[in-house]
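Open the model in your viewer and keep the sequence panel beside it. This tour tells you what to select at each stop and what is there.

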Amino acid sequence: MNAVGRLFRVGITGTSRGPGVGAWIEGCPPGVCIDLHALQQALDRRRGGKLGTTSRVEPDTPELLSGVHHGFTTGQPLLIWLRNRDARCDGQEPQRLPRPGHADLVAQQRYGGFADPRGGGAFSGRLTAALVAAGAVARAMLPSIDIQAQVLSVGGRPDIDAAVADAVAQGDSLGGLLECRIQGVPAGWGEPLLDPIDARLAQLCMSIPGVRSFELGAGLGLAEMRGSQANDPILSAQGLTGSNHAGGVNGGLSNGNPLVFRVATRPTPSIPRPQPTVDLHSGAPAVVCSTGRHDACFALRLPVVLEAAAAIVLADFMLLARAYRPLP
Ligand SMILES: Cc1cc2nc3c(=O)[nH]c(=O)nc-3n(C[C@H](O)[C@H](O)[C@H](O)COP(=O)(O)O)c2cc1C
């Protein structure tokens, strides 16, 4: 099933060059104020147009087709639709010449040639616009939780603008490293072993096209530390810690300290350079070159997408925490 969540359930649909992309959201309680301005602002943060991002600029005007009345959720499922207004065909034939680094070939194998191949179809980063829309609804349910993500480096360099300019000038692409910090999550969200909060965050972050790693707190660095360095000293009975190597999670449960995680993205697979592939009609070696509009570094557009992913996961855990309180 292409959906996430238990009590706050989100499904995403649409394609890059089809009529649009959309989010279907079930489990949002009635009476949540949906601020259209905040929703549009979130979508605007994901938009391309700057150096290193695609020149495809979608207005992303959200259409709230159901579940909202007079600015408040009704308790019925929400349907949010974002029309594709700036989609163009770039003349590529991914059914014949699958692009290296893309899902073109595996999609043909999986869907028997019926999947929409245009611009990556349902595998496109375009679908993250719908994720951002669903994230805005989740955020409206979590007014006391602050979620902020930022790009730390691209292509291993902290001088982001210069690194992007170099890659663009060289007709190449870059990956990036991002960090997300979340304040205000109470202690105790999550379950041990089979439903840890960090695993749910990792699952949705890793679902974002092109995301390749998820690291909680000190993450990989912990493998090089000793226990005496790694353990976060407990400073209060509420669980405040002196350091946060754990990234705000112990035993799969939020511990009341900030949740901190990092993700890394791969470099954009479409690059304006010849790439070896196979002609699926003849079976002969062939070459494919991306001439369309692409993000040289899609990590630049990702902070708001990560924030949305985190909000969706947290909204689900918030509802679960409400449902599974100890009996009075
Ligand atoms: C917001 C966003 C924008 C993206 N833009 C592009 C793009 O312009 N060109 C491209 O080749 N890949 C882009 N990607 C990455 C591809 O969607 C992704 O690498 C591809 O579908 C294969 O999936 P995988 O990398 O997860 O295997 C983007 C991803 C995201 C999240």
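A nonpolar core here is a set of buried Ala, Val, Leu, Ile, Met, Phe, Trp, Tyr and Cys residues joined through C-beta atoms within 7 Å. Buried means that 20 or more other C-beta atoms lie within 10 Å of a residue's own; exposed means 12 or fewer, and partly exposed is in between, with C-beta atoms placed from the backbone.

Before you select anything, note that this is a predicted model: local features need pLDDT of at least 70, side-chain atom pairs count only at pLDDT 80 or more, and totals for chains, interfaces and linings use all residues. Residues are numbered from 1 along each chain as its sequence is written.

**Stop 1: the whole chain**

Show the cartoon. The chain has seven helices and 15 strands. Helices (H or I, at least four residues) and strands (E, at least two) are DSSP runs, numbered from the N terminus. Along the principal axes, the C-alpha atoms fill a box of roughly 70 × 55 × 35 Å. Of the 328 residues, 41% count as buried.

**Stop 2: the core**

Select Ala133, Ala134 and Ile312. These have the most contacts inside the largest nonpolar core, which has 77 residues. Helix α7 gives the largest share of this core, 13 residues. Nonpolar side chains tend to be buried together in soluble globular proteins.

Which residues does Ala134 touch, not counting those up to four places away in sequence? They are Val10, Ala23, Ile25, Ala308 and Ile312. Contact means C-beta atoms, placed from the backbone, within 7 Å.

**Stop 3: the five-stranded sheet**

Val10 leads you to the next selection. Val10 stands opposite Ile25 in β3. Strand β2 (residues 9-14) and β3 (residues 20-26) pair antiparallel over six bridges. Strands pair if DSSP finds at least two bridges between them.

Now select the whole open sheet. Its five strands run in the order β1-β2-β3-β7-β4, with antiparallel pairing. At the edges are β1 and β4 (63-66), each pairing on one side only.

Pick out Trp81, in strand β7 (residues 78-83). Buried or exposed, with its 20 C-beta neighbours inside 10 Å? Trp81 counts as buried because of that number. Beyond four places in sequence, Trp81 is in contact with Gly20, Gly22, Glu63 and Leu65. For a sense of scale, draw a line from Trp81 to Ser228: C-alpha to C-alpha they are 51 Å apart, and 147 residues apart in sequence.

**Stop 4: helix α5**

Select residues 197-207, helix α5. Its buried residues are Ile197, Asp198, Arg200, Leu201, Ala202, Leu204 and Cys205. An α-helix has 3.6 residues a turn, so residues three or four places apart point the same way. Show what the buried residues of α5 pack against: β1 (3-4), β10 (211-216), β11 (249-250), β12 (253-254), β13 (259-265) and α7 (303-323).

**Stop 5: two positive phi angles**

Go to Asp60, in the loop between α1 (36-46) and β4. Its phi is near 50°, a positive value in a residue other than glycine. Asp60 counts as buried because 24 C-beta neighbours lie inside 10 Å.

Then select Leu193, in the loop between β9 (176-183) and α5. Leu193 is not a glycine, yet its phi is positive, about 65°. Leu193 is exposed, with 8 other C-beta atoms within 10 Å.

**Stop 6**

Select β14 (residues 275-278) and β15 (residues 285-288), which run antiparallel and are joined by four bridges. Pro276 has Val287 as its bridge partner, and Thr277 stands opposite Ala286.

**Stop 7: the ligand**

Finish at the ligand. It is surrounded by 19 residues, the closest being Gly125, Pro209, Ser270, His294 and Phe298. A residue counts as near if its C-beta atom, placed from the backbone, lies within 6 Å. The shell divides into six nonpolar, 10 polar and three charged residues. In this count Ala, Val, Leu, Ile, Met, Phe, Trp, Tyr, Cys and Pro are nonpolar, Asp, Glu, Lys and Arg are charged, and the others, Gly among them, are polar.

Key. Contact = placed C-beta atoms within 7 Å.
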